[in-house]
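Hi,

Here is the structure I promised to send over. Have a look first, then read my notes below.

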Amino acid sequence: MSLKRLQRPLAMQIRNYSAPVDGSIPPSKRKYVPNSGTYPQGFQVSGTHVGVKPSNTRFPDLALITSATPCSGAAVFTKNKFQAAPVTVSRETLQKRSGEGLHAIVINSGCANAVTGKGGLEDAVSMGSAVDACFEPPPSPSSTLVMSTGVIGQRLPIAKILARIPTAYGTLSDTHSSWLATARAICTTDTFPKLLSTTFSLPSTPSTTFSLAGMTKGAGMIYPNMATLLGIMCTDAPIPASILQPLLTHAVDRSFNAISIDGDMSTNDTVALLANGAAGGSPITSLSSPDAQKMQEVLTSFTQSLAQLVVRDGEGATKFVHVRVCNAASFPDAKAIASTIAQSNLVKTALYGKDANWGRILCAVGYTDVGSIVPQDVASIVPERTNVSFVPVDGSAELKLLMHGEPQAVDEERAKVILEAEDLEIRVDLGTGKEEASYWTCDFSHEYVTINADYRT
């Protein structure tokens with residue numbers, strides 16, 4: 001065989017955007033990995049190597065998050081009909097405890113434990129029980145939420161996982177490096193660990209500094225509700241479960257449920273939030289209180305930042321795209337239209353090809369099934385009022401593509417320059433109301449097909 005014939009298949013295997021097999025972080029993604037953080041009091045974490053996938057011989061794939069004091073907890077789960085065993089078990093744990101008295105979250109990557117029958121449920125329960133046994137006295141009922149991510153339809157190597165849980169518990173720490181290792185342990189095709197932290201104060205206790213930390217994973221099979229993603233957030237603010245759940249639901253609807261990479265909804269999606277109150281202060285007792293309103297603002301902004309990291313790491317993605325629909329008749333209308341644009345493979349491939357094909361955007365707007373309740377004399381979409389434009393992130397003027405339903409003379413050279421950038425905003429002004437919604441997505445490249453064609457190998 002000639003050297004040229006050998007070189008061609010090798011060249012075709014080079015991956016420009018997917019996770020390097022040696023676990024290194026691509027240079028273009030290193031800016032998203034924090035060098036330090038401010039983490040909530042009372043929480044300790046660890047990332048431990050198990051080898052859930054036989055091919056993983058050294059990277060952490062078992063994550064453990066614990067609180068020294070019992071936590072309030074809330075979670076939002078996938079709406080996929082084939083819900084993974086850990087989703088079922090974690091939902092039941094929250095229900096049995098009414099969201100109170102939680103101590104830990106344990107997560108494995110490499111195997112989703114989804115569509116695994118009764119045995120899979122037993123495996124998920126045993127993971128939670130093994131963590132419970134590390135506490136003295138062991139809580140009953142279980143106070144551990146369980147998550148898994150990876151290949152669907154395969155049983156966990158449960159004996160290997162259970163054998164390493166005591167090690168995971170014994171190496172718990174509150175250092176930044178431990179939080180980063182824990183974020184790394186939940187990754188699958190991710191090219192970088194996704195970890196954020198922030199501090200905030202509440203109106204009732206302005207002198208008290210609270211912390212909020214979170215990690216997430218996901219790069220493919222991303223579409224609400226929610227994505228092949230897991231999200232775990234922890235705060236030392238005093239928030240009971242009755243308040244925590246609606247706060248989280250509202251935030252997730254505007255963040256993790258407002259991203260799309262490929263339009264596929266996973267069986268395992270879970271976003272959970274723990275609050276242990278270790279920083280002190282008065283508990284938030286009413287959703288209408290100034291403290292709750294401030295907490296909602298902080299949490300929504302934080303979850304949006306976390307969710308955007310998932311999009312930035314989309315499998316094969318070269319662009320981060322913010323789809324903003326404004327002046328809509330209702331929020332549901334705006335979100336539905338933004339979602340349709342974000343999911344359109346024709347739009348996404350045009351963006352990858354740096355083609356200012358605004359007709360595809362308009363087409364997606366037009367076939368969106370908008371069914372919100374608005375006054376009968378107000379239409380959701382009026383072609384003669386619709387505007388479409390590209391908005392550069394460098395602060396320069398927007399490039400108008402359609403104005404009041406009329407096509408504009410597009411400067412193709414400027415359009416090319418705008419589409420060369422990594423970040424882009426697509427703005428659609430419906431002119432039918434005052435509501436607005438955002439969706440975050442990426443482009444659709446050859447690399448995405450390559451990654452998912454051999455995912456199990």
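Asn113 counts as buried because its relative accessibility is 0% (buried means under 20% relative accessible area, exposed over 50%, partly exposed in between, with a 1.4 Å probe and protein chains only). Its phi is near 50 degrees, a positive value in a residue other than glycine. Asn113 sits in the loop between strand S3 (102–111) and H3; helices (H or I, at least four residues) and strands (E, at least two) are DSSP runs, numbered from the N terminus.

Before I go on, the ground rules: this is a predicted model, where local features need pLDDT of at least 70 and side-chain atom pairs count only at pLDDT 80 or more, while totals for chains, interfaces and linings use all residues. Residues are numbered from 1 along each chain as its sequence is written, and side-chain values use heavy atoms, with hydrogens and water left out.

Back to that loop between S3 and H3: Val115 lies there too. Its phi is also positive, near 55 degrees, and Val115 is not a glycine either. Val115 counts as partly exposed, though, because its relative accessibility is 49%.

On to the cis prolines. The peptide bond from Glu136 to Pro137 is cis, with omega near -5 degrees, and Pro137 is in the loop between helix H3 (117–132) and strand S4 (144–151). Pro141 lies in the loop between H3 and S4 as well, and a cis peptide bond joins Ser140 to Pro141, with omega about 0 degrees.

Then there's the sheet. Seven strands make an open, mixed sheet, ordered S8-S15-S10-S14-S11-S12-S13 (two strands pair if DSSP finds at least two bridges between them). Strand S8 (259–260) and strand S13 (406–407) are at the edges with a single partner strand each, so one side of each has no neighbour in the sheet. Within the sheet, S11 (residues 387–391) and S14 (residues 423–429) run antiparallel and are joined by five bridges. If you want a pair to click on, Val391 has Glu425 in S14 as its bridge partner.

Last, the surface. Asp355, Asp411, Glu412 and Glu413 gather in a patch of negative charge. Patches take residues with over 30% relative accessible area and no salt bridge, with like charges joined within 9 Å; a salt bridge is a side-chain nitrogen of Lys or Arg within 4 Å of a carboxyl oxygen of Asp or Glu. Glu413 belongs to helix H11 (residues 412–420) and counts as exposed because its relative accessible area is 58%.

Cheers

Note on methods. Patch = residues over 30% accessible without salt bridge, like charges linked within 9 Å, V, L, I, M, F, W, Y side chains within 5 Å. Areas by Shrake-Rupley, 256 points an atom, 1.4 Å probe, with all protein chains shown as cover. Lys, Arg positive; Asp, Glu negative; His and termini not counted. Charge placed at Lys NZ, Arg CZ, Asp CG, Glu CD.
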